[in-house]
Structures are given as C-alpha cells and as structure tokens.
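Take a look at the model below. We will go from its surface to its fold, and then to some local detail.

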Amino acid sequence: MFAALSSLGLPILNGFVGEYLILLGTYQTHWQWAAWAALGVILSACYLLWSYQRVFFGEITNRKNAELPDTSARERFILLAMAVVTLWMGVGSVYITSRTAAASQTVLEQMKRPNRVFEAIAPAAKPVATSAATPDASKEIPVERVGTR
C-alpha cells in the first residue's frame, strides 16, 4: 500500500500546487520568465524521478541491507499521516489560499498602480487677521493637499 502511495507521487503533489501558483502569477506579468521557470520545473521533476528510481529501485550493494525490514509500525503511521496531509494540501489547497486571498489581492492592486510621487500634506498660508475681534482668528489653520494627481 505504501509503495503504491509513493509511486503515485504524493510527496510531489504538495510542492506542485505552490509551483503552479507561482508560475500562474509569473505568467500574468512576464510570460517569458514563466516559460523559463516551467522548463526548470520540468527538468527538476525529471531529475527527481531519475534519482528516486536509482535510490529506491537500484541494486543492493551491501548484502546486510537485503535483510533489513522495509518499515516499522511507527514509520508506517508517520508515512500515512504525512500522505494524508500532503494529499489534503494538494487537493484542498483552497482552504489554505482563501486565508491569504485578501492580502494577496491588495498587493496585486498596489502593484498595478502607476508609479507616482506620493502626495505631501503642507499647511496653508496663515490668513492675515484684520482685528482681534474676528471670530475666525482663533481657529486652527486648515490643511490643504499639495502635490500632483
């Protein structure tokens, strides 16, 4: 059963969701960079599968290792728990990404704005009081915005 789970590539499933989201976001802004990144993902997957095949299905060079048991009960439990969590993160990634959707959307909106100088706030010129009996002379000076829009 555990060999079947590992042959399905479940440990790879968890990373694939993150890679897919990164490639999708990169493609929306720079498709050329996304193409290079996708090529890197494909080549790294090929290398991972090649090394996985050599490590797990290669020849046994030390005869003592041929008599070792595959896994203990504790290792099987840990492997099963990790497979369930990995599968949930891969299939149900909406539960994770929905928590960060609002913050991500805010960052995307800020990135889409054109670059401009931020507006500065400066006090307006003080009005000249003609007499001390003027009721507006004791009020606070209004602040006006100075800058480009």
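The protein chain exposes about 13600 Å² of surface. Carbon and sulfur atoms supply 65% of that area. Such areas come from the Shrake-Rupley method with a 1.4 Å probe. This is a predicted model, so local features need pLDDT of at least 70, side-chain atom pairs count only at pLDDT 80 or more, and totals for chains, interfaces and linings use all residues. Residues are numbered from 1 along each chain as its sequence is written, and side-chain values use heavy atoms, leaving out hydrogens and water.

Of the 149 residues in the chain, 6% are buried (under 20% relative accessible area; exposed is over 50%, partly exposed in between; 1.4 Å probe, protein chains only).

Now follow the fold. The chain has five helices and two strands (DSSP runs: H or I of at least four residues for helices, E of at least two for strands, numbered from the N terminus). From the N terminus, the order is α-α-α-α-α-β-β. Take contacts (heavy atoms within 4.5 Å) between residues at least 6 apart in sequence: 56% of them join residues at least 24 apart.

Next, zoom in on one loop. Thr-71 sits between α3 (31–57) and α4 (73–91). Why does Thr-71 count as partly exposed? Because its relative accessibility is 29%. The Thr-71 side chain also makes a polar contact with the side chain of Arg-76, at 3.0 Å. A polar contact is a pair of N or O atoms within 3.5 Å; within protein, one must be able to donate a hydrogen and the other to accept it, and residues adjacent in sequence count only if both atoms are side-chain atoms.
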